[in-house]
Amino acid sequence: MDGGAPYNPRTVEEVFRDFKGRRAGMIKALTTDVEEFYQQCDPEKENLCLYGFPSEQWEVNLPAEEVPPELPEPALGINFARDGMQEKDWLSLVAVHSDAWLLAVAFYFGARFGFDKADRKRLFNMINDLPTIFEIVTGMAKKQGKEKSSVSNHSSNKSKSNSKRGSESQGKYLKAMQSKDEDEEGLDEEDEEEHGETLCGACGENYAADEFWICCDICEKWFHGKCVKITPARAEHIKQYKCPSCSNKRARP
């Protein structure tokens, strides 16, 4: 169920890279690809699992046939609960089980390749620095970043640098531009510090000063432009941006 040739990370860094890839794939399934994920989890089908791969891809499939399996298995039968609860609650439930599975896989590799106490602690700390899938799906991860964004948006008189966030009246999207003026370098650093805890609603990664971001006018989550396939040029012509999740919710009967 690993979507290709067996891959066995052997160092803390390799296991963490494996973790991040699988995590990114599962976040896609529960956010930007949520409509497709919803459709694939047909309650009429057999027990289904959500798998994340190191390649940042995801898959809904039957569990592995081997007993015991090569890797720990994700939660079984996620499709059966789909129509028995509100969609947001169902997605949150899948997210919690996905977090548990990711930890199980990471520490399976740790046990298999003999990580000692220091290695296990380092691996956990690296993982713990990232928001959980549950936090991203429920919006908990963006609260602290949103508070910082609010402070910044109401403090525009501190700087007129073009690297600052655009105001809501100017499209509610962010163009993080590197300044060509040496006198503004200090302001660029200040901007990155202010927005450093803003997290992308799709991939869960932090704000970076050299990346284009856009904010959903419905749920007010921020996204990397590349994660939702929006370019700065295209954003200029969008009066009200709706992220994939909000667009799908409105389209679904």
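Tutor: Start with one residue. Met126 is in helix H4. Helices (H or I, at least four residues) and strands (E, at least two) are DSSP runs, numbered from the N terminus.

Student: What kind of model is this, and how are residues numbered?

Tutor: This is a predicted model, in which local features need pLDDT of at least 70, side-chain atom pairs count only at pLDDT 80 or more, and totals for chains, interfaces and linings use all residues. Residues are numbered from 1 along each chain as its sequence is written, and side-chain values use heavy atoms, with hydrogens and water left out.

Student: Which residues is Met126 in contact with, leaving aside its neighbours within four places in sequence?

Tutor: Contact means heavy atoms within 4.5 Å. Leaving aside those neighbours within four places, Met126 touches Val12 and Phe16. Look also at Glu13.

Student: How do I describe two packed helices?

Tutor: Use the angle between their axes and the distance between the axes. Axes are lines fitted to C-alpha atoms, for helices over the stretch in contact, and angles run from 0 to 180 degrees between N-to-C directions. Take H1 (residues 12–30) and H4 (residues 117–128): their axes come within 10 Å and cross at roughly 30 degrees.

Student: Are H1 and H4 roughly parallel or roughly antiparallel?

Tutor: Angles under 35 degrees count as roughly parallel, over 145 as roughly antiparallel, 65 to 115 as roughly perpendicular and the rest as oblique. H1 and H4 are therefore roughly parallel.

Student: Is the crossing of H1 and H4 left-handed or right-handed?

Tutor: A crossing is left-handed if the near helix is turned anticlockwise from the far one by less than a right angle, and right-handed if clockwise. H1 and H4 cross in the right-handed way. On the H1 side, the meeting residues are Val12, Glu13, Val15, Phe16 and Phe19. On the H4 side, they are Asp119, Arg122, Leu123, Met126 and Ile127. The residues of this contact are seven nonpolar, no polar and three charged. Here Ala, Val, Leu, Ile, Met, Phe, Trp, Tyr, Cys and Pro count as nonpolar, Asp, Glu, Lys and Arg as charged, and the others, Gly among them, as polar.

Student: How does H1 cross H3?

Tutor: H3 covers residues 87–112, and the axes of H1 and H3 come within 10 Å, crossing at roughly 165 degrees. The two are therefore roughly antiparallel. Their crossing is right-handed. Among the residues that meet are Phe19 and Met26 in H1, with Trp101 and Phe109 in H3. By class, this contact has 13 nonpolar, one polar and three charged residues.

Student: And where do H3 and H4 meet?

Tutor: Leu103, Ala106 and Phe107 in H3 meet Arg120, Leu123, Phe124 and Ile127 in H4. That contact has six nonpolar, no polar and one charged residues. The axes come within 11 Å and cross at roughly 155 degrees. H3 and H4 are therefore roughly antiparallel.

Student: How is empty space found?

Tutor: Rolling a probe the size of a water molecule over the atoms shows where it is left. On a 1 Å grid over the protein atoms alone, a cavity is a set of points where a 1.4 Å probe fits but cannot get out, and a pocket is an open set with protein on both sides within 12 Å along at least five of seven lines; lining residues have an atom within 4 Å of a point. Grid points are joined across faces, edges and corners, and a volume is the space filled by probe spheres set on the points.

Student: How much space lies in the largest pocket?

Tutor: About 450 Å³. It has 22 lining residues, and the closest to its centre are Lys28, Ala202, Lys226, Cys227 and Val228. H1 gives the largest share of the lining, four residues.

Student: How many cavities of 30 Å³ or more are there?

Tutor: Three. The largest cavity holds about 60 Å³. Its lining includes Glu135, Leu199 and Lys221.
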